[in-house]
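Please find below a short note on the structure shown here. The points are numbered and may be read beside the model.

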Amino acid sequence: MKENRVAKFFRDYRSEFKKIVWPSRVQTAKNSSVVLIAIIAFTIVIGVLDFGLEQLVSLLAELVA
């Protein structure tokens, strides 16, 4: 009984795996470039915010001291 369930699972798995539509090499390259550009843009934004907040905290520390 259990062997039938395991065999059915793998038959279903194989059937579903065949239905997957994989992206082309060109589409994968385009998607990867979009992700890299987004990462670079967010890195720049976070870096600018970090620098600005650091300067603000330094200014406030000088005013308090």
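Which residues make a nonpolar surface patch of about 800 Å²?

1. The model under discussion is a predicted one. The patch in question is made by V6, F9, F10, Y13, F17, I20 and W22.

2. One member of this patch, F10, may be examined in detail. F10 is found in helix α1, which covers residues 2–18. Its relative accessibility is 51%; the cut-off for an exposed residue is over 50%, and F10 therefore counts as exposed.

3. The overall fold may be described next. The chain has 2 helices and 0 strands. Its radius of gyration is 26 Å, whereas the globule rule gives 11 Å for 65 residues; the value for the chain is well over that figure, so the chain is more spread out than a compact globule. Along the principal axes, the C-alpha atoms fill a box of roughly 80 × 35 × 10 Å.

4. What percentage of the 65 residues of the chain count as buried? The figure is 0%, where buried means under 20% relative accessible area. The accessible surface of the chain amounts to about 6600 Å², and carbon and sulfur atoms account for 70% of this surface.

5. Charge deserves a separate point.

6. Side chains of opposite charge can pair when their charged atoms come close. How many salt bridges are counted in this model? The count comes to 2.

7. With a relative accessibility of 44%, K8 counts as partly exposed. D12 is also partly exposed, its relative accessible area being 38%.

8. The other pairing is formed by K19 and E16, whose closest N and O atoms are 3.2 Å apart. E16 has a relative accessible area of 47% and is partly exposed.

Key. Residues are numbered from 1 along each chain as its sequence is written. Side-chain values use heavy atoms; hydrogens and water are left out. Helices (H or I, at least four residues) and strands (E, at least two) are DSSP runs, numbered from the N terminus. The radius of gyration is taken over C-alpha atoms; the globule rule is 2.2 Å times the number of residues to the power 0.38. Buried means under 20% relative accessible area, exposed over 50%, partly exposed in between (1.4 Å probe, protein chains only). Accessible areas come from the Shrake-Rupley method with a 1.4 Å probe; for residues, only the protein chains shown count as cover. Patches are made of residues with over 30% relative accessible area and no salt bridge: like charges are joined within 9 Å, nonpolar side chains (Val, Leu, Ile, Met, Phe, Trp, Tyr) within 5 Å. A salt bridge is a side-chain nitrogen of Lys or Arg within 4 Å of a carboxyl oxygen of Asp or Glu.
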